[in-house]
Amino acid sequence: MDAKKLPYWEFSCLILLCFLPAISKASWMWLGIASLGTVNQPSDTNPPASSSPGLARTQPTTLGQSVCSLVPGLAHEQRTVCEQRPEAIPVIGAGARLGITECQRQFRDERWNCTIHDQEQNAFGKVLKTGSRETAFVYAITSAGVVHAVTKTCSLGNLTDCSCDESRNGMVNAEGWQWGGCSDNLDYGIHIGRQFVDAGEVRRDEEEGKSSRVRGAMNLHNNEVGRQMIQQLMSRQCRCHGVSGSCTVKSCWNTMPDFLVVGDHLKKRYQRSVEILNRPSKRRLRRKDRAQRKAPIGRDEMVHLERSPNYCVRDPSKGIMGTLGRECNRTSDGASSCDLLCCGRGYNTQEVRLVERCDCRFIWCCEVKCRICETVTDLYTCK
């Protein structure tokens, strides 16, 4: 097969597959560390956009079928999306990668620092086998990442089945401004997120039965928490039109928040995560705390089944890397402090000398002169 004759998204998908692990039960989250390609700009070689709001097409491409058959771990519904709209897969991978990057930023100074395991089934390793708060955060942040990436790609015009949300353009608000511009099509992003991301949990319930019903419900709930967070943080931007900058006409549109803001809010939900009962129920998830059991769990409340381990000591069977050798902050009172990060084991102190050029100045013409400066700092690492 000649790569030069392939549309860009098809070549990107083939590159992606070269880096996928040879395993049969991988999770779609693997796309976040395997995906290398991006969606191409629309061109004459792209097929026409579908009139339906979803992903469905009548005839998937042969190459789409062959590409998707090589992606491990996809549920039937996920494979259908892949075959019928293969150019969406790099976008979903970019969304997973966005979630992974934000997870690592949020936990960079904590005992569990959102470690990625390149050879594991789901990018996060065995940590996701437990129903802990960390697992809850991973599901919420990656789900939010997919919605954010798909919605943004729609607004940029890089997916043939969607574009900006112009459904209200031209309507005048009671305050006098009118809808216009390019509103982010969040409904489409949420639709694709539910269709693709949630399908894996539906398959889990079918394969593992009642024993995993609560865990599957927990994962689905936390997927929705991520999507709801983006919806709650949507904001309105406006622009004035008129002579000499006057605001005779004001047009407004909806826009998504920066993903860093989404991560900050989801971290707060993580810190207030609700522990739930590990009992299968057809009705709803229930709080473990008896005093609050009758209170319904909100759609924006993160939930978990098990208490988190302390992550202090390396335990490969649970995917825990431990904190041995981690750099800590001796003067901090937070999670990065040597007392907390090193779990009371103490820390090593190492003197680090850094030699670099400094106080550089330009001399006409044409020379730059610098001093050689040496700085000595202490580096603290956990025992």
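**Entry 1. Leu260 and its contacts**

I looked up Leu260 and found that it touches Glu102, Arg105 and Gln106, leaving aside residues up to four places away in sequence; contact means heavy atoms within 4.5 Å. I worked on a predicted model, in which local features need pLDDT of at least 70, side-chain atom pairs count only at pLDDT 80 or more, and totals for chains, interfaces and linings use all residues. Residues are numbered from 1 along each chain as its sequence is written, and side-chain values use heavy atoms, with hydrogens and water left out.

I placed Leu260 in helix 10; helices (H or I, at least four residues) and strands (E, at least two) are DSSP runs, numbered from the N terminus. Leu260 counts as partly exposed because its relative accessibility is 42%; buried means under 20% relative accessible area, exposed over 50%, and partly exposed in between (1.4 Å probe, protein chains only). From Leu260 to Cys103 I noted 10.0 Å, C-alpha to C-alpha, for two residues 157 apart in sequence.

**Entry 2. Aromatic pairs around Phe107**

I searched the whole structure for aromatic pairs and noted eight. Rings of Phe, Tyr and Trp (its six-membered ring) pair if their centres lie within 6.5 Å; planes under 30 degrees apart count as stacked, over 60 as edge-to-face and the rest as tilted. Phe107 and Trp112 are edge-to-face, because their ring centres are 5.0 Å apart and their planes stand at 70°. Both of these residues, Phe107 and Trp112, are buried.

Phe107 also forms an edge-to-face pair with Tyr270, at 5.1 Å centre to centre and 85° between the planes. This pair links distant parts of the chain, 163 residues apart: Phe107 is in the loop between helix 5 (88-106) and helix 6 (133-155), and Tyr270 is in helix 10 (residues 259-271). I recorded a relative accessible area of 0% for Phe107, so it is buried; Tyr270 is buried as well, at 7%. Ring pairs join Phe107, Trp112, Phe137, Tyr270 and Tyr311 into a cluster.

**Entry 3. Charges over the rings**

Which residue lies over the face of Phe107? I found Lys267 there, 4.5 Å from the ring centre. The charged end of Arg133 sits over the ring of Tyr270, 5.1 Å from its centre. A charge sits over a ring if NZ of Lys or CZ of Arg is within 6 Å of the ring centre and within 35 degrees of the ring normal.
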